[in-house]
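Hi,

Here is the structure I said I'd pass on. Have a look, and my notes follow below.

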Amino acid sequence: MAVVANPLQIAVIGSGPAGIYAAEALLKQGGPDIKVDVLDRLPTPYGLVRYGVAPDHKSIKSIAKYLQRVLESPGVRFIGCVELGKDITSADLLDCYDAVIYCTGAMVDRQLGIPGEDLPGSVAATDFVNWYCGHPDATGLEFDLSVDEAAVIGVGNVAVDVVRILAKTADELRESDAPEYVIEALADSKIRRIHMIGRRGPAQAKFTTKELRELGELENAAVSVRPEDMELDPASAALEESDRHVRGNLKVLRGWAALEPDDRPRRLDVRFWLRPVEIRGDGRVEELRLERTALNDDGRVTGTGSYEVLPAGMVLRSVGYKSVPLPGVPFDERRYVVPNDAGRIIDPDGAPVPGEYVAGWIKRGPTGVVGTNKSDAAETVRSLLADLPAGRPHEGKSIDGLLEERGVACVTYTGWLGIDAAEIALAEKLGRGERVKLAGWDAMRAVWGA
Ligand code: NAP
């Protein structure tokens, strides 16, 4: 494709993978003259790669190196600590740029809607993930790991991450970038048994085989699956036949179902066909009541009227993420996404909103792996460039002037590099791996000098 020089100025809101892939697609498709500002609420770039990917998943985290090259490309700027709705509005952005791409992801937990969900000890996986990843909003959270048993609800990849972190010892995570407070808390953990619970069968589980397999490689935890959970109904058997991902998962799970329990200090029970109906306890979580399920003729999960109670001092709800509405931007309250057509935001009358676009999880929902956002962002950028006249000089206000006028203490890319260097130095000082995350806003502020 011929690249046409285009002096467009574009704002990308959110510096996670979707935002940075959008910046990359703008450079690739829009040519060398395009200017892209990537704004973020946090002083640090990389979004979920930094604050969602588990600390022991180093190879996935290395995607940050690729994203870094995009952020350092001529024409791209990172502007941290600018919050949409607080420091600037979408109307400001449209005054300052030719177009805006919102890439703010999906950072809030979905609710189970069952009694006891709010008891102390019932924890949203989003909070636990933010905590072990050192998200500055979560560094003050405390989880009681002095309990014997924990239940993780959901059988997606986030549930697998959470289970793995609970099942690993602090020593196994010392070389990771987890903040010191995480290593200290996990060193004191008394959790010996973890239950991971799927409301449908093994063929319907959402985790991917590569991630699932890692649970079988845990040094200190033995995995078990009940053979009776692996009996497949005709619909599940058909899925196994037609879907190689399902085949991969079932092979791993059947292998575990055939194993005799061993004497590793921790135990992980992967359970299926159980839906949570109540979290119970006297002032805090003590047990989880579950109903046995089956699939009906439409393939939907239905209760069988038979119940089971699991002892669990901690219940982690890992049932998916959702996006939150952005001020001044249309939102689909049912699907938790911004309504769009190939990335063009659509207003309630079905018309495209001029100059406003979405990419990533806020566009399509929380699905896929990090790389899925690359093609997703490229599609949005194709729509954007098709809509905007090439070669039009930008005549709007300056974002720098506006932020200065409002006294917004933003963080530049150089400010982030200061945090980056401090984290590398901290790891060296502690004798821990390549990086240890700075814990909390104050520790980061001390480095960038706000
Ligand atoms: P997910 O893949 O959508 O899984 C959510 C799980 O919660 C499903 O098992 C779902 O069961 C269950 N669930 C939903 N509502 C429930 C309810 N009311 N009661 C009981 N169970 C319920 O979501 P996720 O695990 O949060 O992952 C989000 C995305 O991030 C996925 O695309 C995932 O692959 C990705 N991710 C990737 C990695 C990696 O590549 N290493 C790591 C983490 C996350 P049903 O299927 O029955 O609805």
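A pocket here is an open set of points on a 1 Å grid over the protein atoms alone where a 1.4 Å probe fits, with protein on both sides within 12 Å along at least five of seven lines. Its volume is the space filled by probe spheres set on those points.

By that count, the second largest pocket holds about 510 Å³. It is lined by 19 residues (an atom within 4 Å of a point), and Lys61, Ala64, Lys65, Glu434 and Arg435 are the closest to its centre. The lining has 10 charged residues (Asp, Glu, Lys, Arg), 6 nonpolar (Ala, Val, Leu, Ile, Met, Phe, Trp, Tyr, Cys, Pro) and 3 polar (the others, Gly among them).

Where does the second largest pocket lie? Domain 1 (9-107 + 323-411) and domain 2 (108-321) both give residues to its lining, so it lies between them; the bounds come from an automatic or database domain assignment.

Bear in mind this is a predicted model: local features need pLDDT of at least 70, side-chain atom pairs 80 or more, while totals for chains, interfaces and linings use all residues. Numbering starts from 1 along each chain as its sequence is written, and side-chain values use heavy atoms, without hydrogens or water.

Cheers
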